[in-house]
Amino acid sequence: MSQTPELVVKDLRVAVEGKEILKGLNLEVKKGEIHALMGPNGSGKSTFANTLMGHPRYQVTSGEILFKGESILELEADERSRAGLFMAFQYPVAIPGVTVANFLRSALNARLAPPDANGAGAMPQKRGIAPKEFRAMLREKMALLRMDESFATRYLNDGFSGGEKKRAEILQMAILKPEIAIMDETDSGLDIDALRIVSEGVNALAGPELGVLVITHYQRILNYIKPHFVHVMVDGRISVSGGPELALELETRGYDWVRDVREAEAL
Ligand SMILES: Nc1ncnc2c1ncn2[C@@H]1O[C@H](COP(=O)(O)OP(=O)(O)OP(=O)(O)O)[C@@H](O)[C@H]1O
Ligand SMILES: [Mg+2]
């Protein structure tokens with residue numbers, strides 16, 4: 001059993017273009033745990049996810065992010081990914097000209113390549129996974145997510161429907177095998193079947209070797225992906241944490257009472 005949480009966020013403060021968005025956020029995620037992060041629009045959930053992945057626009061003004069015991073604040077996004085952090089984006093970008101298969105193979109090779117002395121990735125094509133092995137792996141994971149094999153040869157996210165983009169994100173996660181995965185509204189825009197398939201995919205990947213942080217607005221996805229912990233973010237920090245029952249309570253009571261808790265705290 002892992003004792004120290006793989007991801008430790010301490011009193012994190014983050015500014016975007018000079019405006020403070022995260023205001024002292026604390027969170028710990030261990031491998032094997034599923035956490036749900038909820039909260040009203042604009043409370044800072046995506047800001048937090050982007051900050052975890054090292055998006056350059058998000059400036060950490062104080063606090064700490066530890067991954068496997070070490071600060072990652074100075075690491076670039078690709079270094080964080082190689083270390084075993086993964087993020088499924090709320091709005092995945094299209095990369096015309098790069099097929100799904102090639103993108104995933106490059107991403108996997110980058111993840112597998114040990115950093116060289118300069119901290120940059122080793123030449124991936126020299127050490128990477130063999131093409132045949134990769135194709136077998138891709139086929140297996142695509143079957144798991146019930147994706148048509150023709151997707152492998154399409155350009156990444158180019159003309160993909162909303163649901164297809166989300167599946168492509170989970171496929172990427174299945175291939176990269178991160179230790180901690182952050183999913184920002186992977187459920188938005190999914191129809192009922194796609195929601196189930198994506199959730200089943202996540203469940204198939206979840207287990208003792210993976211910690212998951214699911215950012216969502218809806219209890220619905222949590223019927224499929226059962227969280228151990230639910231947190232509610234209000235105005236840049238987590239105001240209330242609890243078990244799965246907290247998500248149900250939010251569904252019926254909304255967020256106002258959480259704001260009240262927060263205001264009472266401030267007094
Ligand atoms: N790049 C940016 N430039 C300016 N403001 C930003 C930027 N990114 C985030 N913000 C602001 O930070 C606040 C928090 O936004 P964020 O996207 O983190 O909220 P959220 O909790 O993910 O909301 P939603 O539930 O709608 O996805 C918002 O007021 C937003 O306008
Ligand atoms: Mg968001």
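Predicted model: local features only at pLDDT ≥ 70, side-chain atom pairs only at ≥ 80, totals over all residues.
Strand 3 itself is mostly covered, with five of its five residues buried. In a regular strand the side chains alternate between the two faces of the sheet. Here I34, A36 and M38 point one way, while H35 and L37 point the other way. Residues on both sides of strand 3 are buried.

Helix 1 (residues 45–52) is also mostly covered, and seven of its eight residues are buried. The buried residues are K45, T47, F48, A49, N50, T51 and L52. After helix 1 comes G54, which has a positive phi, near 85°.

Another part of the model is a helix pair. Two packed helices are described by the angle between their axes and the distance between the axes. For helix 3 (residues 100–112) and helix 6 (residues 162–176), the angle is about 35° and the axes are 10 Å apart. The crossing of helix 3 and helix 6 is right-handed. Helix 3 contributes V100, L104, A107, L108 and R111 to the contact, and helix 6 contributes A168, Q172, I175 and L176. By type, the residues of this contact are seven nonpolar, one polar and one charged.

Methods: Residues numbered from 1 in each chain as written. Chains lettered and ligands numbered in written order. Buried ≥ 20, exposed ≤ 12 C-beta atoms within 10 Å, placed from the backbone. Helix = DSSP H or I, 4+ residues; strand = E, 2+ residues; numbered from the N terminus. Axes fitted to C-alpha atoms, helices over the stretch in contact; angles between N-to-C directions. Left-handed = near helix turned anticlockwise from the far one by under 90°. Contact = placed C-beta atoms within 7 Å. Nonpolar A, V, L, I, M, F, W, Y, C, P; charged D, E, K, R; others polar.
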